[in-house]
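Visitor: I would like to go through the labels on this model one at a time. Please set each value against its cut-off.

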Amino acid sequence: MIDVELGTVELGTVVQIAYMVDDVAGAAEEFASRLGAGPFFVRRNRITGALGPDGEPGAFDHSSAYGQWGRLQIELVQTHTAEPAAFAATTAIRDGVHHVAIMVESFAEQQRVYAESGWPALLSATTPNGNDFAFHDARPQLGHLVEIYEPRPSILRLYRTVADAAVNWDGTDPVRQM
């Protein structure tokens with residue numbers, strides 16, 4: 001638990017660690033060869049209709065590589081465009097963790113708890129599959145953002161695909177298209 005100004009916030013189980021990179025395929029190759037993580041599945045994600053912390057319009061066009069590293073999923077993120085400015089500024093950082101992801105029982109309730117605890121959502125959106133997600137600013141206490149989403153079928157499929165590919169993986173074909 002993390003003590004913040006307005007009380008105590010429970011983080012939950014981290015299911016993913018994400019890093020911002022300049023070249024998603026190159027970073028996935030390096031992660032696989034140096035750390036044994038993978039294989040990585042790359043896809044383009046175009047999120048429009050997002051909202052920033054004050055309700056201003058936002059968007060997040062990015063490519064991600066998803067790979068397994070032990071019990072955690074790793075996401076490597078290459079940003080093409082990001083809005084609003086408060087969120088976009090976080091995508092320029094290349095040293096350290098950008099965000100960790102947790103699955104929550106209630107997206108709306110977790111949004112409320114984090115906002116009331118001083119972790120505002122810098123970007124809230126819905127994927128083309130209908131999954132709500134948000135990046136909350138926990139940098140003052142944790143040094144990174146916290147992404148939340150509910151364990152919906154399409155998200156669970158992504159996690160299962162990535163984890164299953166890592167079982168008995170021999171290191172060949174470390175970067176694959178999704």
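Guide: Start with burial: buried means under 20% relative accessible area, exposed means over 50%, and partly exposed lies in between, with a 1.4 Å probe and protein chains only. The model is predicted, so local features need pLDDT of at least 70, side-chain atom pairs count only at pLDDT 80 or more, and totals for chains, interfaces and linings use all residues. Residues are numbered from 1 along each chain as its sequence is written, and side-chain values use heavy atoms, without hydrogens or water.

Visitor: What makes phenylalanine 31 buried?

Guide: Its relative accessible area is 14%. The limit is under 20%, so phenylalanine 31 counts as buried.

Visitor: Why is tryptophan 69 called partly exposed?

Guide: Tryptophan 69 has 35% relative accessibility. That falls between the 20% and 50% limits, so the label is partly exposed.

Visitor: How many aromatic pairs does the structure hold?

Guide: There are 8. Rings of Phe, Tyr and Trp (its six-membered ring) pair if their centres lie within 6.5 Å; planes under 30 degrees apart are stacked, over 60 edge-to-face, and the rest tilted.

Visitor: Why is the pair of phenylalanine 31 and tryptophan 69 called edge-to-face?

Guide: The centres are 5.6 Å apart and the planes stand at 85°.

Visitor: Which residues touch the most other members of the largest nonpolar core?

Guide: Phe40, Ala65, Leu76, Val146 and Ile148, out of 24 residues. H1 gives the most to this core, with 4 residues. A nonpolar core is a set of buried Ala, Val, Leu, Ile, Met, Phe, Trp, Tyr and Cys residues joined through side-chain atoms within 4.5 Å. A second, separate core of 18 residues includes Phe133 and Phe135.

Visitor: Why is glutamine 111 called buried?

Guide: Its relative accessibility is 17%. The limit is under 20%, so glutamine 111 counts as buried. Glutamine 111 lies in helix H3 (residues 107-116).

Key
Helix = DSSP H or I, 4+ residues; strand = E, 2+ residues; numbered from the N terminus.
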